[in-house]
Amino acid sequence: MSNCSIALQILPLSEHNEEKIKIIDNVIHYLQNKHSKVIVSPFETVIEGEFNELMDTLKECLIIAGEDSKNIFANVKINYGNILTIDEKLSKFNK
């Protein structure tokens with residue numbers, strides 16, 4: 001049962017766009033391999049699951065991004081509790 005969803009935007013503060021994209025891609029690949037419910041959009045990636053597991057995932061995302069960049073900025077939105085699932089939020093738009 002999912003009790004948490006996180007919208008995550010990782011912004012490496014490096015000079016070169018190619019480096020930024022590589023870092024972001026590494027984080028997205030990690031999320032896709034770790035969780036079954038991952039939605040990638042142009043501005044953020046949304047994951048859904050159990051709160052403690054997602055908090056561990058969030059920490060790991062920052063560590064992964066930090067391996068290739070000395071300075072990472074992250075925008076994070078967390079919905080915790082009796083949440084609407086990703087499918088419940090999007091199903092009416094994806095018929």
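Start by selecting Q9 and N75: their side chains are joined by a polar contact of 2.5 Å. The model is a predicted one, and residues are numbered from 1 along the chain as its sequence is written.

**Stop 1: around Q9**

Keep Q9 selected and show the strand that holds it, β1, residues 4-12. To complete the surroundings, select F43, E44, F73, A74 and N75, the residues in contact with Q9 once its neighbours within four places in sequence are left aside.

**Stop 2: the largest pocket**

The largest pocket has a volume of about 210 Å³. Its lining has 14 residues, and those closest to the pocket centre are I10, I24, I28, F43 and E44.

**Stop 3**

For the second largest pocket, with a volume of about 150 Å³, select S5, I6, A7, I39, V46, K77, I78, N79, I86, K89 and L90, which line it. The lining of the second largest pocket comprises seven nonpolar, two polar and two charged residues.

**Stop 3: K77 and E44**

Leave K77 on screen and bring E44 back. K77 and E44 form a salt bridge, and their closest N and O atoms are 3.2 Å apart. This pair links distant parts of the chain, since K77 is in strand β4 and E44 is in the loop between β2 and β3 (45-49), 33 residues apart. E44 is partly exposed, at a relative accessible area of 22%. K77 also belongs to the lining of the second largest pocket, while E44 is among the residues closest to the centre of the largest pocket.

How many salt bridges does a search of the whole structure find? There are three. Side chains of opposite charge can pair when their charged atoms come close.

**Stop 4: D87 and K37**

Select D87 and K37 for another salt bridge, in which the closest N and O atoms are 2.9 Å apart. D87 is in helix α3, K37 is in the loop between α1 and β2 (38-40), and the two are 50 residues apart, so that the pair links distant parts of the chain. Is D87 buried or partly exposed? D87 counts as partly exposed, at 44% relative accessibility. K37 is also partly exposed, with a relative accessible area of 24%.

**Stop 5: D68 and K22**

Finish with D68 and K22. Their salt bridge has its closest N and O atoms 3.5 Å apart. Here too distant parts of the chain are linked: D68 is in the loop between α2 (51-66) and β4, K22 is in helix α1, and 46 residues separate them. D68 has a relative accessible area of 38% and is partly exposed. K22, at 46%, is partly exposed as well.

Notes:
This is a predicted model: local features need pLDDT of at least 70, side-chain atom pairs count only at pLDDT 80 or more; totals for chains, interfaces and linings use all residues. Side-chain values use heavy atoms; hydrogens and water are left out. Helices (H or I, at least four residues) and strands (E, at least two) are DSSP runs, numbered from the N terminus. A polar contact is a pair of N or O atoms within 3.5 Å; within protein, one must be able to donate a hydrogen and the other to accept it, and residues adjacent in sequence count only if both atoms are side-chain atoms. Contact means heavy atoms within 4.5 Å. On a 1 Å grid over the protein atoms alone, a cavity is a set of points where a 1.4 Å probe fits but cannot get out, and a pocket is an open set with protein on both sides within 12 Å along at least five of seven lines; lining residues have an atom within 4 Å of a point. Grid points are joined across faces, edges and corners, and a volume is the space filled by probe spheres set on the points. Ala, Val, Leu, Ile, Met, Phe, Trp, Tyr, Cys and Pro count as nonpolar, Asp, Glu, Lys and Arg as charged, and the others, Gly among them, as polar. A salt bridge is a side-chain nitrogen of Lys or Arg within 4 Å of a carboxyl oxygen of Asp or Glu. Buried means under 20% relative accessible area, exposed over 50%, partly exposed in between (1.4 Å probe, protein chains only).
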